[in-house]
Amino acid sequence: MTDAVSGLLDLLDVERLEVDLFRGFTPDDEADRPRVYGGQVIAQALASAYRTVGDDRHCHSLHAYFIRPGDPKIPIIYEVDRSRDGGSFTTRRVVAIQHGQQILNMSASFHVHEDGWDHQHDMPEVKQPDELMSRQQLAEQFKDKISDEQLKHWMRPQPFEMKEISGLNPFNPKPKSDVNHVWFRTDGKVDASPAMHHCLVAWASDMNLLGSSLRPHGLHWINKDLMTASLDHAIWFHAPVRADEWLLYAMDSPKAGNGRSFNRGNIFTQDGQLVASTVQEGLMRKLKPRKKD
């Protein structure tokens, strides 16, 4: 396990302040960011909810609204409401708070294991991870077009390996299909509970999803005229999942308009099992020049 993965596990081991009150932190090297990464807030909120649920129950769905951008310089308080403890299902509501204000509301439902009928759509036929370049190899290709500071950011160790299939050239993006495929896994094996692997997948699920809506317009997140942000995020966990094994994130964006985009994703194991699905609406706005006084 790399230091980056170990650091992420520490972030997801939220601190219990009271019976249903928890505290999470943002990495020190993210303190200069304009806002906290949304996947971090969702994953820490889910980790907080899991701390109030029996070991025999696992999250099958969560629905979150991003209300305000998180401040990476201060801790985040997670308040868990024990909405219901039923015979088969457990429901929790989590509110993330900073500066006395809500930054995220999330509802999550947990279910005991049950046998039932089973079917799924097939996994798309795509290139395998060993056929694709790593993030560091891609950054090396563009090192002559970016500053040393940007290159350092791109090359720094990350908790997840990401390998894009048919990614956009960030410096000369051309319109492409909204269909967006990415392989991901933690950078090293993780010996952790199924609940923690859910939290790790939740952390990663906010990466690349909104980018699906940028592809048809030949846009990339480094575009200075573009403002993007996650507005809401939902995950359904269909089966046990390991975040330290290659997972295919098959995404698309059926619609964008009115300054917002609608994005969907299915997450498959390398052998083709559908283990999770996601839906997200995002802000997709052209920045307007500020008026001078």
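Let's start with a term: a residue is buried when its relative accessible area is under 20%, exposed when that area is over 50%, and partly exposed in between, using a 1.4 Å probe and protein chains only. What you have above is a predicted model, where local features need pLDDT of at least 70 and side-chain atom pairs count only at pLDDT 80 or more, while totals for chains, interfaces and linings use all residues. Residues are numbered from 1 along each chain as its sequence is written, and side-chain values use heavy atoms, with hydrogens and water left out.

Let's look at the overall layout.

How much area do domain 1 and domain 2 bury between them? The figure is about 2,500 Å², with 65% of it on carbon and sulfur atoms. Buried area here is the accessible area (1.4 Å probe) that two parts lose on being put together, summed over both. Of the area that domain 1 buries against domain 2, Leu8, Tyr37 and Phe66 supply 20%, more than any other three residues. In terms of contact (heavy atoms within 4.5 Å), 29 residues of domain 1 touch 32 residues of domain 2.

What about charges and polar groups across this boundary? A salt bridge is a side-chain nitrogen of Lys or Arg within 4 Å of a carboxyl oxygen of Asp or Glu, and between domain 1 and domain 2 the count is zero. A polar contact is a pair of N or O atoms within 3.5 Å; within protein, one must be able to donate a hydrogen and the other to accept it, and residues adjacent in sequence count only if both atoms are side-chain atoms. Ten residue pairs, both at pLDDT 80 or more, are in polar contact between domain 1 and domain 2. On the side of domain 1 that touches domain 2, H1, H2 and strand E3 (57–66) each supply at least two residues, and E3 gives the most, with nine. These labels follow DSSP runs numbered from the N terminus: helices are H or I with at least four residues, strands are E with at least two.

Now for helix H1 (residues 3–12). Ala4, Val5, Leu8, Leu9, Leu11 and Leu12 are buried there. Why do they sit on the same side of H1? They cover an arc of only 155° around the axis, which puts them on the same side; the arc is that of the directions from the helix axis to the C-beta atoms. As background, an α-helix has 3.6 residues a turn, so residues three or four places apart point the same way. On the other side of H1, Asp3 and Asp10 are exposed. The buried residues of H1 pack against helix H2 (38–50), strand E7 (160–165), strand E8 (180–186) and helix H5 (194–205). Ser6 is in helix H1 too, and counts as partly exposed at 32% relative accessibility.

You'll find Tyr37 in the loop between E2 and H2, partly exposed at 24% relative accessibility. Leaving aside neighbours within four places in sequence, Tyr37 is in contact with Trp203, Ala204, Asp206 and Met207. A polar atom of the Tyr37 side chain lies 3.3 Å from the backbone nitrogen of Met207.

Finally, the salt bridges: the structure holds ten. In one of them, the side chains of Arg23 and Glu15 meet at 2.9 Å, N to O. Another joins Arg82 to Asp20, with the closest N and O atoms 2.8 Å apart. Arg82 lies in strand E4 (residues 76–85) and Asp20 in the loop between strand E1 (15–18) and strand E2 (21–24), so the pair ties together parts that are 62 residues apart in sequence. Glu281 and Arg260 also meet in a salt bridge, at 2.8 Å, N to O. This pair links distant parts of the chain, with Glu281 in strand E12 (residues 274–286) and Arg260 in strand E11 (residues 260–269), 21 residues apart. Both ends are partly exposed: Glu281 has a relative accessible area of 25%, and Arg260 is at 34% relative accessibility.
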